[in-house]
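Take a look at the sequence and the structure below. The briefing then covers side-chain pairs and model confidence.

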Amino acid sequence: MRTGTAMDLAARLFGISAGAASEICQTWWVYMHMEVERESAWPTRAEVDHRMPPAFAKMGGGKMRVVIDCTEIIIEAPNDPLLRKAYW
C-alpha cells in the first residue's frame, strides 16, 4: 500500500500490528502476481487486428494495440443502498 495510513487502518480493523498487516499484504501481492502472470495481460497482434473496429483501422489503427478508457462520469448517488447498488 502506498501510505502507512491505509496499513494502520487495516491493522486496526483486523486487530494486528501494522507490521503483520504489511507482511500479510506483501505475501498476497506476491501470490497474486504469480497467479496473474500466467495469463497474458495483452492480446496478440493478430487478435487485435481481428477484433479492431473498421473505423479504427481506417484511422491508422494498425499501430494501435490497446485503448485505455479513463472516462469518469460524476453522478449524484442516492443515499438508499439498494438504489445506489443499482447504479453500479
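Buried means under 20% relative accessible area, exposed means over 50%, and partly exposed lies in between (1.4 Å probe, protein chains only). This is a predicted model: local features need pLDDT of at least 70, side-chain atom pairs count only at pLDDT 80 or more, and totals for chains, interfaces and linings use all residues. Residues are numbered from 1 along each chain as its sequence is written, and side-chain values use heavy atoms, with hydrogens and water left out.

**Salt bridge**
- Side chains of opposite charge can pair when their charged atoms come close.
- The whole structure holds one salt bridge (a side-chain nitrogen of Lys or Arg within 4 Å of a carboxyl oxygen of Asp or Glu).
- R45 and D49 form the bridge, with their closest N and O atoms 3.1 Å apart.
- Both residues sit in helix α3 (residues 45–51), four residues apart, about one turn of the helix.
- Helices (H or I, at least four residues) and strands (E, at least two) are DSSP runs, numbered from the N terminus.
- R45 is partly exposed at 28% relative accessible area, and D49 is partly exposed at 42%.

**Aromatic pair**
- The count is one aromatic pair (ring centres of Phe, Tyr or Trp, its six-membered ring, within 6.5 Å; planes under 30 degrees apart are stacked, over 60 edge-to-face, the rest tilted).
- The W28 and Y31 rings have centres 5.5 Å apart and planes at 90°, so the pair is edge-to-face.
- W28 and Y31 both lie in helix α2 (residues 18–37), three residues apart.
- Y31 is partly exposed, at 41% relative accessibility.

**Confidence**
- pLDDT is the predictor's confidence in each residue, from 0 to 100.
- The protein averages 81, and 93% of the residues score at least 70.
- Among the elements, α2 has the highest mean pLDDT (88) and helix α5 (residues 81–87) the lowest (79).
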